[in-house]
Amino acid sequence: MSVKPDIRRVLRRNVILLLSAMLLLAGCGQDMHDHPDLVTGEQLFNYHCASCHKPGGQGNFLKGVPANKGTDLSIFQIAHKVQSGAGENSAMPVFAGMSYDEARKIAAYVQRL
Ligand code: HEC
C-alpha cells in the first residue's frame, strides 16, 4: 500500500483552496461592500469615487479622470455607468457588487455637486 498518492491529492486540494481564497480576495478591491456606517450619497461618493474623481467631483485632469461636477448625465445614466460600466476600454472600474439603491444615491449626490 502506498501513501504517496494520497499526500499528493491532499496537497492539490490545498492549492485549489488557496487559489479560490485569493480569487475571492481579489474580487473585493474597489467593490468592498461592507460599510454599514456609510449612508448618505456624499459619504458613499467619498468612499467609492473620490479617490479618482476628487472629493468635490472636480476630476483629475492629469490622470484623465473627468469631472463629475456639472455632468450632463441623468441619475439613471450615472447609476448605470457605475454598476455596469460604459464600455470595454474605460479606465473606470465597474462596481458590479453595488446595489442600485446605493448607485442611485451616489448619482443623486453627483448631480447636486
Ligand atoms: C479608478 C478611478 C475611478 C473611480 C474609482 C471612479 N471613476 Fe468614474 N471615471 C473614471 C475615468 C477614468 C472616467 C473616464 C472614462 C469613462 O468615462 O469611462 C470616469 C468617468 C465617469 C463618469 C462620466 C463623466 C461624464 O460626465 O461623462 C461618471 C458619471 C463617473 N465616472 C462617475 C463615477 C462614480 C459615481 C464613481 C464611484 C461610484 C466613480 N466614477 C469611480 C475613473 C474612476
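Two residues are in contact if their C-beta atoms, placed from the backbone, lie within 7 Å. The structure is a predicted model, in which local features need pLDDT of at least 70 and side-chain atom pairs count only at pLDDT 80 or more, while totals for chains, interfaces and linings use all residues. Numbering starts from 1 along each chain as its sequence is written. The protein has five helices and zero strands, where helices (H or I, at least four residues) and strands (E, at least two) are DSSP runs numbered from the N terminus.

**Confidence**
- The protein has a mean pLDDT of 84, and 81% of its residues reach 70 or more; pLDDT is the predictor's confidence in each residue, from 0 to 100.
- Over residues 25-29 pLDDT stays under 50, and the model has zero contacts there beyond four places in sequence.

**Overall fold**
- Along the sequence the pattern is α-α-α-α-α.
- Of contacts between residues at least 6 apart in sequence, 55% join residues at least 24 apart.
- Buried residues make up 15% of the 113 residues; a residue is buried if 20 or more other C-beta atoms, placed from the backbone, lie within 10 Å of its own, exposed if 12 or fewer, and partly exposed in between.

**Helix α4**
- The buried residues of α4 are I78, A79 and V82.
- Because these residues cover an arc of only 95 degrees around the axis, they lie on the same side of α4; the arc is that of the directions from the helix axis to the C-beta atoms.
- F76 and S84 are exposed on the other side of α4.
- The packing partner of the buried α4 residues is α5.
- Just after α4, G85 has a positive phi of about 80 degrees.

**Nonpolar core**
- The largest nonpolar core has 11 residues: F45, C49, I78, A79, V82, F95, A103, I106, A107, Y109 and V110; such a core is a set of buried Ala, Val, Leu, Ile, Met, Phe, Trp, Tyr and Cys residues joined through C-beta atoms within 7 Å.
- Two or more residues of this core come from each of α4 and α5, and α5 gives the most, with five residues.
- F45 touches A50, I106, Y109 and V110, not counting residues up to four places away in sequence.

**Ligand shell**
- The ligand is surrounded by 22 residues, and the closest are C49, C52, T71, S90 and M92; the criterion is a C-beta atom, placed from the backbone, within 6 Å of the molecule.
- The elements giving two or more residues to this shell are α3 (50-53), α4 (75-84) and α5 (100-112).
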